[in-house]
Amino acid sequence: MLECKPGLVRINAFNAPVEAYQTTRHGGESEGAYASFNLGLHTGDNAAVVAKNRQRLTLLLNTPWVKFMQQVHGAKVVTLTDQAAEVGECDAVVTALDDVALCVQTADCLPLLLADEKGVAIGAVHCGWRSLQAGIIAPAIQALKDLGAGEIIAWMGPAIGPQSFEVGPEVREAFVSVDERAKRCFIPGKGDRYLADLYALARLQLIAAGVRLLNAMCYDTFKEDDLFYSYRRAGVTGRMGSLILKRAGV
């Protein structure tokens, strides 16, 4: 994985004028468990330092409009129509606005970035297991189509890997009760536990929603301590950002 700037990785999954980026835990000013490029204000880190990290992000992206969701592990989708507006509580945001960067914050959950082939509209989706089980992807895809999007390209960012994400039988049942095909996304672990594959669960929903162009960054945030934050690994930790925007005049 090559950083185009300290702490920021360019993702080559989308067509111009769409750009996508992934932050790592490097390149910021946070210290201790949050070192160093923590973007999460809700983590217990010094708010003034997080604000500096976020300001640095706007400079790296060369746009004053970086939109952070207040992620609540649900299935609400917000359509952003004003560059100055706050996104508020949701787990997916879409827009057709130029030069507005949509951000998913994660530290094990799966970040999903979406755009159509022609760059008409873009979206960012927070795919924790609860929001996936609630069916967050289908309404996010529909919201893009409502903005005029055509063929959708999807990119799945760094998340806890299928060998690291241990869950109880109730989590498996919650998915299987909705879609029997979800059985393939869980393998038996120790005792009554299962190992869950967030990438596979998201892929099922993307395909069901008609998305054919799928890309993934298959890292394991739980294992990659040097690159990524992991709540499951550390408990007290920061948040990375997965970002998408479309440039005006490109």
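1. A pocket, for this note, is an open set of points on a 1 Å grid over the protein atoms alone, with protein on both sides within 12 Å along at least five of seven lines; lining residues have an atom within 4 Å of a point. Grid points are joined across faces, edges and corners, and a volume is the space filled by probe spheres set on the points.

2. Please keep in mind that this is a predicted model, where local features need pLDDT of at least 70 and side-chain atom pairs count only at pLDDT 80 or more, while totals for chains, interfaces and linings use all residues. Residues are numbered from 1 along each chain as its sequence is written, and side-chain values use heavy atoms, with hydrogens and water left out.

3. On to the largest pocket, which holds about 740 Å³ of space. Its lining has 33 residues, and Gln71, His73, Cys109, His126 and Arg239 are the closest to the centre. By type, the lining divides into 15 nonpolar, nine polar and nine charged residues (Ala, Val, Leu, Ile, Met, Phe, Trp, Tyr, Cys and Pro count as nonpolar, Asp, Glu, Lys and Arg as charged, and the others, Gly among them, as polar). Strand S3 supplies the largest share, three residues (strands are DSSP E runs of at least two residues and helices H or I runs of at least four, numbered from the N terminus).

4. The second largest pocket has a volume of about 210 Å³. Leu132, Gly135, Val178, Asp179 and Gln205 are the closest to its centre among 14 lining residues. Helix H5 (198-208) gives the most to this lining, with four residues, and the division is ten nonpolar, three polar and one charged.

5. Strand S9 (residues 152-156) deserves a look: five of its five residues are buried, so the strand is largely enclosed by the rest of the structure (buried means under 20% relative accessible area with a 1.4 Å probe, protein chains only). Ile152, Ala154 and Met156 cover one side, with Ile153 and Trp155 on the other.

6. What does S9 pair with? Strand S7 (residues 110-116) runs antiparallel to S9 and is joined to it by five bridges, with Asp116 partnered by Ile152 (pairing requires at least two DSSP bridges). S9 also pairs with strand S13 (residues 213-216), in the parallel sense over four bridges, and there Ile153 is partnered by Leu213.

7. Finally, an open sheet of three strands has the order S10-S12-S11, with antiparallel pairing. Its edge strands are S10 (166-167) and S11 (186-188).

Definitions and conventions: Buried means under 20% relative accessible area, exposed over 50%, partly exposed in between (1.4 Å probe, protein chains only). On a 1 Å grid over the protein atoms alone, a cavity is a set of points where a 1.4 Å probe fits but cannot get out, and a pocket is an open set with protein on both sides within 12 Å along at least five of seven lines; lining residues have an atom within 4 Å of a point.
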